[in-house]
Amino acid sequence: MAKHLIAAAALLMVAGMKGAGAQGYPARTVTIIVPFAAGGPADITGRIVADIFSRHLNQKFVVENVGGAGGTTGALRAARAPADGYTILSGHLGTNALAAAFYPNLGYDPQKDFEPIGLSAEYPEVLVVRKDFPANNLKEFVAYAKSNTSKLNVGHAGLGSVSYIGCLLLNVATGIKPTMVPFTGTAPVLNAMLAGEIDYECDPVLGTLGQVRAGSVRALAVAARKRSPMLPDVPASHEQGLPQFDIAPFYAVFVPSGTPQPIIEKLAEALNKGLSEEAVQKRLADLGADIVEPGRRGPKALADLVKSESARLLPILKEAAEK
């Protein structure tokens, strides 16, 4: 009987410590892991999130770029971190929904090893080609690609990254099999395209917007039902007759599984407040993001999104990856 009483008291003490820790959170600097190189959509979005948390929680939130393996190296580090709220993952569609299609020995479970905090942004992908690519629209691109598949090089930010996923969907939809060339992030991909080393890429609007507007590269299609306000002259894939090429990767915030619920709620509330700010919304819109409505921002909404996107895309991607 005494042993049971001691055990119960110990449990109550631990629970009390956790509650107290959550009340004072954050008491020191928090690390936000961005699982890609600096300069790309994941990095820029992660830094916007870090700024939101810093301002609303009155503590320093710093970004650490941990690239490699399509974002899964950084995601694995975050999954194995202590579940105390001091290590956060700024993940996305690839790292937290679809990585299992490409990495059978992933080392973490995208859904079981993370607790969702909230959706940061969604960026429709766009098909971008080098400046002198011999096609002016999606129809011409498909015709040329089918006749020259073996000669084409496609840049992506690693197996399972959103740039890899986007172009894999495009390849499946068009029946082409180009050479997929990996890089550590979307910024290096763009540099390689400017140098003429790759022919095309599929990346969120944010990743290539500046170079498209400058005329250094050309955008042929937005992978969506409608055009992007940031690229109004670029037709959507649906209006060009290729609705299968439809993807707007989500970027979102996660913490290791087991993080105390009060900390999760505190982070979710801060993120929601930040995303409601006019200045933040304008910044995201200027980057080509679809602004996330309040009803889609919380932990449950993000968990539902991860499940639905996994169900929609995993079968297609697994089949394509096995061919």
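Visitor: Is Glu309 buried or exposed?

Guide: This is a predicted model, in which local features need pLDDT of at least 70, side-chain atom pairs count only at pLDDT 80 or more, and totals for chains, interfaces and linings use all residues. Residues are numbered from 1 along each chain as its sequence is written, and side-chain values use heavy atoms, without hydrogens and water. Buried means under 20% relative accessible area, exposed over 50%, and partly exposed in between (1.4 Å probe, protein chains only). Because the relative accessibility of Glu309 is 13%, this residue counts as buried.

Visitor: Which residue forms a salt bridge with Glu309?

Guide: A salt bridge is a side-chain nitrogen of Lys or Arg within 4 Å of a carboxyl oxygen of Asp or Glu. Here the closest N and O atoms are 3.0 Å apart.

Visitor: How many residues apart are Asp84 and Arg28?

Guide: These two residues form a salt bridge, with their closest N and O atoms 3.6 Å apart. Asp84 is in the loop between α3 (72–79) and β3 (87–92), and Arg28 is in the loop between α1 (2–23) and β1 (30–34); strands are DSSP runs (E, at least two residues). The pair thus links distant parts of the chain, at a separation of 56 residues.

Methods: Helix = DSSP H or I, 4+ residues; strand = E, 2+ residues; numbered from the N terminus.
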